[in-house]
Amino acid sequence: MVLEQIISLRARVGEYVGQGVEYANQGRHEEALEAYEAALDVDRYDIRALRGKIAALVALCRWTDAEGAADEAVALYPRDAGLRVARGWVLSEQDDAEGALREFEEALDVDQNSEEALQAQAAQLRYMRRWEEAEEAARAMTRLPDSIDGHVMLAWVLSDRGRHGDAEGEVDEAIANAKKPHSWALSTKTQFLAMQQRWEEAEKHGYKAIQELPDDDLPQRSALCDVLRGEGKYEEAREHAEKAFSKNPVHPKVLSDYIQILKDLQEFEAAEKEARKVVAEYRRSVDAHTVLAQLLDSLCRPGEALKSYDDALRLNSQFEPAIIGKSSALRGLGLLDEAQRFIGRHLQRVHYRPFIVEQGMIELERGIAHPELDHFRKAEILLEDLLENHSESEEEKGEALEQLGWVAFEQGEYRKADEQFKEARERDPIHADRYWLGSAWVSVREKKSNSDVDSEVRQHIAEFLDRMPNDPLAPLAHSWQGVIKFRDEDRAAAEQSFKKVVELAPFSSGNVALGALYREMGLYKESLESLERAEGINENDASAHIELGHLHLERSESSEDAEAAAWHFRRARMSTANRNEKGEAALGLAVALVRSRGDLKAAEETLQTAIQVGDTVSDSTGKLNQALARVLVQAGDAVSDSAEQQAPQTPFYGEALRAAKAAILSDKNDPDSYFVAGVAEQRLASQTSNGLEQSKHRKNARHHFENSESHHRDEGGKYEARRAAQLLGEDSFPWLASATFAGPFVVSIVALVLLATWVDFLWGANVTTTMVMTLTPVLIGLIFTGLLLPKVISLRLPGGVEASLGENLSVVPNVQPKVMLNASRFTPSSSFFGSPSQLRWRMPKAWATRYYR
């Protein structure tokens, strides 16, 4: 009777435990926990239920309860190595790496041949990047009888260290020694082949693994999804992702695969719906919240993403993907200082390599926003440390070199950047495509014309697009081709390239590029549609607002259009931390203020403020100063022509000359800056009656106009500069203007000659004294009138020098579309595609390989 009761109780316990395992495999951890607790109500000593309860509490992120359950289980079974391993994983999930390692070592003290403890120790050491110890622990596993897991674990450690041939050999040995198909070994083999981009072999092996394990196909389908996505076979990948998702929708890898494939297929609404559905059903799944946040961030909704990341971090404050993701979302919102503080706190706690990469990206973006500070140097120091001390494999070194290349790129050190991209290709040939793209953008930014762009670069980009048309890097390659075609003035080909960017990456800045191109082509309706689409995707897209501002100015038919342009330029300045974009927006705002209200004072203040607070860097400093000079000349003209103005002089022209000279210093090859400086000098000459000052200003003006002509490439600009110089040459007193001592000395000589002639006339003609007294003043007056009247007429009446030059002076130069279609808009170091590291094939977290089992 007693025996029957015991058997009955054991059966009930087994039934509850079986239910718990089934629920856990489906991701239903709340129900799994209830099943395990029901088993423990029947038999509080059942070791299977104790371990299941710990695992369920960890999955639910109930850390205090999990630690309590683990302590209680170890107290009941102090000599059970497996329970100590379970307690170690509780600590590891909370990133107490040292504490977890101590637990695994204690487990080995209990049982030195515990495969579970050795595997946990190897995985934890691998995560901590203590490679020699991790390899030693994995090799200890292989010495155990019939240990298949040992060979697989050793394969992962060797792969981490870049020893891919040895790693593949270990996994092949595991598959060969297994008495039956081994799930972890088979999925690892598929992953290794995919990581080396041996797509056909990987696909063939993945399908074979599914056939061998029809009842345990979730890890195999997940690995196969990576292969099919890499080949661009998204529909085929979707089939396997859906089957895996139906079995366990909250499995971290399965959920991530499914949402990513929906994104690949551009079914964004479906992806968000499925992700939110999983979050609603599994509210305590840190992975579900993180996947949703990553999706929202990729859809240019960083504010919503930030909320989801916070939800994930409330469940597990040490969850690395959520930490990295939150930092990325903060960067997306332009909160670079906050992102730096956030990621810095975690770097102080654990030297996790992705944290270093993320901090390097933050400093890079801060350097772009504030180039006058030392952020670029900080980024270099971080990444050099990453390269020297935290990069084990050649792939990791290639990634670090790539990041250093983009830092050099943003500083204008193009040769250095290209050398780093080249070294990255040599070290990491598997990912050479992305490094070639780095060299491609260097060639566009560095070379003056497309004919100088390396033919090898062109050929490789073309081959890459033929070979991998749906690769995540393909939009970046198409955008490069679009810029190249634009510079070749092949607008139709550029349009097709940018359309392809929009097609492949609809949430990138491809719409802005396309809108800018359409504006250049005069297709204002199409331009407006593209730019409004970009604005709808991301209302804080400064590039879109800047382009919309220019579009409204170009097609403006009323002051309302100019007011709309001003609104977009103001919004752009608020939406970006990038100095170039801030400067460009300030320039456009000045134009809009003059167009809408004729408010030269407000335009001047806008430009002065942008220059004084450093809203720009060298790329646009000259444009701002040039625009300020033009506004000041116009303001001076308005004051001089005003009927209420009594004083003949105004300080505007002097300030305009200073601004024009600052523009020339920023770019000594800009012909417009020289022209504006010439006009300012001419205006200063018109203000003074001092012959020496007039001579100096006219000479300087002529010099500036000649420089403008020599730097102009188009004939129209050359003609205007030449005409301005000729008008100065035709002005009165050319001989006076060229004499450095033309004042009292020349006047004295002229007076003496006239006096001698007059005296000779008087004596020779016997003129009476009365006639002399009457005619002499009249003659003197006529002489001076004859000398001065042409000068007055040429300077002040319509058609004179001042009026002729004024015809050539527009209020503020409109920003050319080429500014929007340059390399910096589309490089991976900008916000166009996000961080380069986010595009790279990334392995799962080191100890997370157990997810595939």
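This is a short tour of a predicted model, stop by stop.

Local features here need pLDDT of at least 70, and side-chain atom pairs count only at pLDDT 80 or more, while totals for chains, interfaces and linings use all residues. Residues are numbered from 1 along each chain as its sequence is written, and side-chain values use heavy atoms, with hydrogens and water left out.

**Whole chain**

Start with the cartoon. The protein chain has 44 helices and 0 strands. Both are DSSP runs numbered from the N terminus: helices are H or I of at least four residues, strands E of at least two. Of the 853 residues, 55% count as buried. Buried means under 20% relative accessible area, exposed over 50%, and partly exposed in between, with a 1.4 Å probe and protein chains only. Contact means heavy atoms within 4.5 Å. Among contacts between residues at least 6 apart in sequence, 60% join residues at least 24 apart.

**The cores**

Select Ile54, Met153, Ile259, Ile461 and Trp480. These have the most contacts inside the largest nonpolar core, which has 167 residues. Such a core is a set of buried Ala, Val, Leu, Ile, Met, Phe, Trp, Tyr and Cys residues joined through side-chain atoms within 4.5 Å. In soluble globular proteins, nonpolar side chains tend to be buried together.

Zoom in on Ile461. Neighbours within four places in sequence aside, Ile461 is in contact with Trp436, Leu437, Ala440, Ala477, Trp480 and Gln481. Another core, of 35 residues, lies apart from the largest one; Leu628, Ala656, Phe705 and Ala721 are among its members.

**α36 against α37**

Next, show residues 652–666 (α36) and 671–687 (α37). Their axes come within 9 Å and cross at roughly 155 degrees. Axes are lines fitted to C-alpha atoms, for helices over the stretch in contact, and angles run from 0 to 180 degrees between N-to-C directions. α36 and α37 are therefore roughly antiparallel to each other. Angles over 145 degrees count that way, under 35 as roughly parallel, 65 to 115 as roughly perpendicular and the rest as oblique.

Show side chains. On α36, the contact includes Tyr653, Ala656, Leu657 and Ile664; on α37, it includes Tyr674, Val676, Ala680 and Leu684. By class, this contact has 11 nonpolar, 3 polar and 3 charged residues. Ala, Val, Leu, Ile, Met, Phe, Trp, Tyr, Cys and Pro count as nonpolar, Asp, Glu, Lys and Arg as charged, and the others, Gly among them, as polar.

**α19 against α21**

Move to residues 320–332 (α19) and 353–369 (α21). They pack at an angle of about 5 degrees, with axes 10 Å apart. α19 and α21 are therefore roughly parallel to each other. Pick out Ile323, Ile324 and Arg331 of α19, and Phe355, Met361 and Glu365 of α21, all among the contact residues. The class count is 6 nonpolar, 2 polar and 4 charged.

**Lys397**

Select Lys397, in helix α23 (residues 394–410). Lys397 is partly exposed, with a relative accessible area of 21%. Beyond four places in sequence, Lys397 is in contact with Leu387, Ser391, Glu392 and Arg427.

**Two loop residues**

Go to Asp95, in the loop between α5 (81–93) and α6 (97–110). Asp95 has a positive phi of about 65 degrees although it is not a glycine. At 11% relative accessibility, Asp95 counts as buried.

Finish at Cys300, in the loop between α17 (286–298) and α18 (302–315). Phi of Cys300 is also positive, near 60 degrees, in a residue other than glycine.
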